[in-house]
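I opened a new model today and kept notes as I went. Here is what I looked up, in order.

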Amino acid sequence: MKLDKQELLRMLRTQGDNDTADEAERKLPDEVDTDRDGDALDALGLDRTQLMAKLAGGGFGGTIAP
């Protein structure tokens, strides 16, 4: 699943996880692919399954691409 890095950063900051958001901003590409970038997400402590669940629940504002 692909998602916009800015949406991911916004969600992390909304949850108060500014340190992870700052690190993600430095390390992730502008368009995050949960399959391609899975290792980078894992290194940040971000679980792909949880991210996808939050996306499905509207936690990212709905800017996703299949």
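**Notebook: one chain, start to finish**

I began with contacts between residues at least 6 apart in sequence: 53% of them join residues at least 24 apart. I note that this is a predicted model.

**Entry 1: the layout.** I listed the elements next. The protein chain has four helices and three strands. Read from the N terminus, they run β-α-α-β-α-α-β. I then looked up burial. The chain has 66 residues, and 33% of them count as buried. Its accessible surface comes to about 4,000 Å². Carbon and sulfur atoms hold 45% of that surface.

**Entry 2: the core.** Which residues have the most contacts inside the largest nonpolar core? I found L8, L12, A24, L28, L41, L46 and L51. The core itself has 13 residues. Two elements give two or more residues to this core: α1 (5–14) and α2 (18–27). The largest share, four residues, comes from α1. I picked A24 from the list and looked up its contacts. Setting aside neighbours within four places in sequence, A24 touches K5, L9, L12 and L44.

**Entry 3: helix α1.** I went to the start of this helix. D4 caps its N-terminal end. A side-chain oxygen of D4 lies 3.1 Å from the backbone nitrogen of Q6. Inside α1, the buried residues are K5, E7, L8, L9, M11 and L12. Just after the helix, G16 takes a positive phi of about 85°.

**Entry 4: E7.** I stopped at this residue, which is found in helix α1. Is E7 buried or exposed? Its relative accessible area is 12%. The cut-off for buried is under 20%. E7 is therefore buried. I also looked up its side chain, which makes a polar contact with the side chain of R10 at 2.9 Å.

**Entry 5: D35.** Where does D35 lie? I found D35 in the loop between β2 (31–33) and α3 (38–43). D35 has a relative accessible area of 61%. Exposed means over 50%, so D35 is exposed. Which residues does D35 contact, leaving aside neighbours within four places in sequence? They are M1 and R48. I then checked D35 against K2. These two are 33 residues apart in sequence. In space, their C-alpha atoms are 8.5 Å apart.

**Last note.** I put my two residues side by side. E7 is buried at 12%, whereas D35 is exposed at 61%.

Notes. Residues are numbered from 1 along each chain as its sequence is written. This is a predicted model: local features need pLDDT of at least 70, side-chain atom pairs count only at pLDDT 80 or more; totals for chains, interfaces and linings use all residues. Side-chain values use heavy atoms; hydrogens and water are left out. Buried means under 20% relative accessible area, exposed over 50%, partly exposed in between (1.4 Å probe, protein chains only). Contact means heavy atoms within 4.5 Å. Accessible areas come from the Shrake-Rupley method with a 1.4 Å probe; for residues, only the protein chains shown count as cover. A nonpolar core is a set of buried Ala, Val, Leu, Ile, Met, Phe, Trp, Tyr and Cys residues joined through side-chain atoms within 4.5 Å. A polar contact is a pair of N or O atoms within 3.5 Å; within protein, one must be able to donate a hydrogen and the other to accept it, and residues adjacent in sequence count only if both atoms are side-chain atoms.
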